[in-house]
Amino acid sequence: MVAAPIAIVAAMHEELSALLARMPDEQRVHMAGRDFWVGHLQGQPVVAVLSRIGKVAAAVTATVLLERFGVRAIVFTGVAGGLAPGVNVGDVVVATELLQHDMDASPIFPKYEVPLMGRSRFAADAAIGDALAAVAEGTLRDPVGLVGQKAVDEFHLRSPKVHRGLLISGDRFVSTTAECGALQRSLPDALAVEMEGAAMAQACHDYGVPFAALRTISDRADDAAHGDFTRFVAEVASRYSLALVDAWLASLPRDAA
């Protein structure tokens with residue numbers, strides 16, 4: 001029996017391109033305005049796809065992966081803005097829970113609660129998260145070997161760390177100190193903010209399929225968040241994503257493939 005594939009969802013073109021370059025047999029399937037790449041990575045059957053930006057796009061991507069490709073798990077990789085103290089540029093956040101910070105149907109439902117579901121937080125898969133965090137801990141010990149001395153110096157990647165905890169999502173790019181401060185006050189345990197993860201987590205919850213999110217911190221979600229975002233993705237985040245996903249897939253037993 002052929003095992004169901006694992007979905008690897010990238011947030012940026014650079015990350016997807018890096019993954020596809022390592023897939024020896026990828027075949028394109030075009031659906032819902034997206035290119036889904038079916039093949040193998042580290043001997044594991046995978047479907048790689050670009051999520052597009054925002055919660056609706058992410059939910060559509062997840063639904064196609066679940067319905068059309070019958071994936072057995074979804075792993076999302078991309079960038080995020082750091083919120084919690086000590087979550088710095090070049091660090092990695094592996095989500096334990098995900099929440100939509102712009103979900104607010106109050107006073108009918110409590111703020112952040114998804115209407116009719118009775119919950120605001122969606123748990124990420126603990127086993128996959130533990131494995132990704134372990135891989136990240138080992139990989140980030142040598143940032144120069146991972147991204148090169150030039151990128152380490154330019155982006156100050158001296159001692160990148162791995163964090164586990166709450167990841168929050170919303171349909172806006174948080175890029176002012178005022179917005180960042182408001183989120184920190186409202187959700188003090190949030191480690192980082194992005195635009196897709198919680199929507200994918202909700203879709204996976206509905207289908208009963210494991211979900212994990214791995215985010216590289218590209219900025220501090222404040223007035224300096226604009227930075228050289230494109231270069232950071234190309235020179236740091238895409239290399240992080242490829243190395244971590246590659247190492248995690250390599251650690252899985254082949255008889256699960």
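Strands and helices here are DSSP runs, numbered from the N terminus. All the close-ups below come from a predicted model.

Figure 1. Tyr-112 has a relative accessibility of 12%, so it counts as buried, the cut-off being under 20%. The bond that joins Ser-106 to Pro-107 is a cis peptide bond, with omega at about 5°.

**Figure 2. His-101 reaches over to Gly-170.** His-101 is another residue placed in the loop between S6 and S7. With a relative accessible area of 6%, His-101 is buried. Its side chain gets to the backbone nitrogen of Gly-170 at 3.4 Å. Leaving aside neighbours within four places in sequence, His-101 has contacts that include Tyr-112, Ile-168, Ser-169, Gly-170 and Arg-172. Val-174, Leu-183, Leu-187 and Val-193 are also among the contacts of His-101.

**Figure 3. Gly-170, seen from its own loop.** Look for Gly-170 in the loop between strand S8 (162–169) and helix H6 (177–186). How much relative accessible area does Gly-170 have? The value is 0%, so Gly-170 is buried. Once neighbours within four places in sequence are set aside, Gly-170 is in contact with Lys-55, His-101, Asp-102, Glu-194 and Met-195. Asp-104 is 66 residues away from Gly-170 in sequence, and the C-alpha to C-alpha distance between them is 11 Å.

**Figure 4. Gln-42 has a positive phi.** Gln-42 is in the loop between strand S3 (34–41) and strand S4 (44–50). Phi is about 50° here, a positive value although Gln-42 is not a glycine. Is Gln-42 buried or partly exposed? Its relative accessible area is 26%, which puts it in the partly exposed group.

**Figure 5. Helix H7 is mostly covered.** H7 spans residues 197–207, and eight of its eleven residues are buried. The buried ones are Gly-197, Ala-198, Ala-199, Met-200, Ala-201, Gln-202, Ala-203 and Cys-204. Ala-198, a residue of H7, counts as buried at 0% relative accessibility. Apart from neighbours within four places in sequence, Ala-198 is in contact with Leu-98, Leu-99, Gln-100 and Ser-169. Ala-198 and Ile-168 are 30 residues apart along the chain, yet their C-alpha atoms are separated by 6.7 Å. After H7 comes Gly-208, with a positive phi near 70°.

**Figure 6. The largest nonpolar core has 81 residues.** Which residues have the most contacts inside this core? They are Leu-65, Ile-74, Leu-98, Phe-211 and Trp-248. Helix H8 (residues 229–251) gives the core its largest share, ten residues. Another core, of eleven residues, lies apart from it and has Leu-99, Ile-168, Val-174 and Leu-187 among its members. Back at Phe-211, and not counting residues up to four places away in sequence, the residues touched include Ile-74, Phe-76, Leu-98, Ala-124 and Asp-125. Phe-211 also touches Gly-197, Met-200, Ala-201 and Cys-204.

**Figure 7. The largest pocket has a volume of about 260 Å³.** Its lining is made of 18 residues, with Val-79, Phe-173, Glu-194, Met-195 and Phe-229 nearest the centre. Strand S5 (73–82), strand S9 (190–194) and strand S10 (211–219) are the elements that give two or more residues to that lining. Sorted by class, the lining of the largest pocket has eleven nonpolar, two polar and five charged residues.

**Figure 8. Val-89 in the loop between S5 and S6.** Val-89 is partly exposed, with a relative accessible area of 26%. Its C-alpha atom is separated by 7.9 Å from that of Pro-160, which is 71 residues apart from Val-89 along the chain. Leaving aside neighbours within four places in sequence, Val-89 is in contact with Phe-155, Leu-157, Ile-217, Ser-218, Asp-219 and Phe-232.

Note on methods:
Residues numbered from 1 in each chain as written. Predicted model: local features only at pLDDT ≥ 70, side-chain atom pairs only at ≥ 80, totals over all residues. Heavy atoms only, no water. Helix = DSSP H or I, 4+ residues; strand = E, 2+ residues; numbered from the N terminus. Buried < 20%, exposed > 50% of the residue type's maximum accessible area, 1.4 Å probe, protein only. Polar contact = N/O pair within 3.5 Å; in protein donor to acceptor, adjacent residues only side chain to side chain. Contact = heavy atoms within 4.5 Å. 1 Å grid on protein atoms, 1.4 Å probe; cavity = no way out; pocket = protein on both sides within 12 Å on 5 of 7 lines; lining within 4 Å. Points joined across faces, edges and corners; volume = space filled by probe spheres on them. Nonpolar A, V, L, I, M, F, W, Y, C, P; charged D, E, K, R; others polar. Core = buried A, V, L, I, M, F, W, Y, C linked by side-chain atoms within 4.5 Å.
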